[in-house]
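Please read the following report on side-chain packing alongside the sequence and the coordinates.

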Amino acid sequence: MFYFLTKSALQFGKHTAAVSPTHKLFSFHLSPSTITLRFFISTLENPSELSFAASYLISKLGFSPESALSASKHLNFKTPEKPDSVIHIFKHYGFSQVQTFKLVKKCPRVLSCNPEKTLLPKLEFFHSKGVSNKDIAHILCTYPYILVKSLENCITLNFNFLSNLLESNDKTIAAVKRYSPILYHKADRFLKPCVDILEEYRVPKKHIASLVHRWPRSVMMSPNHLRRIVEEVRGMGCDPLKPQFTTAVMVMRLLRESGWERRLGLYKSWGWSEDDVLAAFIKEPWCMMTSDDKIMAVMDFLVNNMDCEPSFIAKNPYLMKPGLKTTFIPRASVVHFLLSERLIEKKPNLVTLFLCSEKMFLEKFVYRFEEAPQLLKLYGDQSYLSK
């Protein structure tokens with residue numbers, strides 16, 4: 001009945017004590033380890049409280065007694081052969097002990113699966129599609145319920161649908177890593193109807209593919225809900241033919257009404273009108289997903305440190321994307337130095353300054369000057385290493 005019980009009995013803290021017939025002899029203070037130990041010993045006095053499956057989870061995978069009792073309700077094995085085989089398969093595919101623990105804790109019934117008929121074919125399928133052991137572990141530890149779905153009627157169909165849409169197994173793998181449940185729900189429940197709706201509104205296939213690749217969760221919703229979002233975004237003036245349309249759909253999928261109203265208020269506090277906010281959203285939908293703190297910090301920096309008019313930012317909402325500490329401050333420091341030393345005559349266009357690539361920035365504002373070493377030091381050693 002009690003598999004490996006004696007091996008686990010005293011592995012619950014720094015205290016060492018002899019196990020007496022009753023846990024009442026343990027009189028030291030009730031630390032978490034002690035509470036766990038008392039609970040464990042109480043199961044020795046009441047064998048019905050601890051099944052074979054629970055004792056297996058404790059000794060083999062390191063479950064706490066409480067977690068083991070809860071998880072064992074989903075298990076019915078009474079010998080170690082099947083769960084041992086399951087764990088061996090995961091180990092063979094490169095799963096660490098911690099990853100196996102996380103997977104089983106999320107989905108205990110995987111230990112009751114037939115390792116040869118249920119698990120191996122699915123793991124081999126992932127391998128056949130070019131999924132590495134590392135990525136298999138990531139996908140399954142994130143959402144192990146995939147392992148209890150039909151390989152033929154669900155996993156294969158979903159993967160192939162994604163692969164045909166994205167025209168790449170690598171992109172499909174990337175999408176699955178970003179949102180593993182996309183393989184769990186049958187494609188005709190969410191994925192295919194949502195793609196069909198976007199096509200119905202004349203969204204180009206390459207834009208749909210980009211959306212699914214980058215934000216797969218955006219198309220895993222009720223088709224009716226997606227239709228409402230698409231109608232709302234189109235009603236704002238977004239053109240379905242432009243790539244910003246699918247980004248706007250994603251933003252509205254993630255952003256609740258309260259979030260929209262709050263950020264609308266923040267931009268208005270800097271003098272933007274509602275029309276300004278809407279126009280900025282159409283150009284760069286991500287400006288409404290920028291955090292409240294970043295909106296205020298970037299606006300303050302550009303207006304008060306760079307003498308930028310709020311209206312200029314409204315017309316160039318892409319300026320809300322770069323990081324304050326990683327882009328704005330280092331690049332502004334370089335330009336201020338160049339201006340103070342009269343190495344350049346006037347302040348460059350802020351869009352060019354802050355949105356150009358790292359390579360272009362270094363070539364245009366650093367390497368062409370004799371003071372390049374000093375500028376590099378000012379800009380940061382990391383930039384120098386990136387050369």
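Predicted model: local features only at pLDDT ≥ 70, side-chain atom pairs only at ≥ 80, totals over all residues.

Residues are numbered from 1 along each chain as its sequence is written, and side-chain values use heavy atoms, with hydrogens and water left out.

A nonpolar core is here a set of buried Ala, Val, Leu, Ile, Met, Phe, Trp, Tyr and Cys residues joined through side-chain atoms within 4.5 Å, where buried means under 20% relative accessible area (1.4 Å probe, protein chains only). The largest such core has 123 residues, among which L140, L302 and F354 touch the most other members. Helix α3 (residues 52-61) supplies the largest share of this core, seven residues; helices are DSSP runs of H or I with at least four residues, numbered from the N terminus.

| Residue | In contact with |
|---|---|
| F354 | F301, L302, M306, L319, P322, T327, F328, R331, A332 |
| T100 | L61, I87, F90, F95 |

T100 lies in helix α6 (residues 97-106) and counts as buried because its relative accessible area is 5%.

Helix α8 (residues 133-142) packs against helix α10 (residues 169-178) at an angle of about 35°, with the axes 9 Å apart; axes are lines fitted to C-alpha atoms over the stretch in contact, and angles run from 0 to 180 degrees between N-to-C directions. In this pair, D135, H138 and I139 of α8 meet I173, V176 and K177 of α10.

Note on methods:
Buried < 20%, exposed > 50% of the residue type's maximum accessible area, 1.4 Å probe, protein only. Helix = DSSP H or I, 4+ residues; strand = E, 2+ residues; numbered from the N terminus. Contact = heavy atoms within 4.5 Å. Lists of a residue's contacts leave out its neighbours within four places in sequence.
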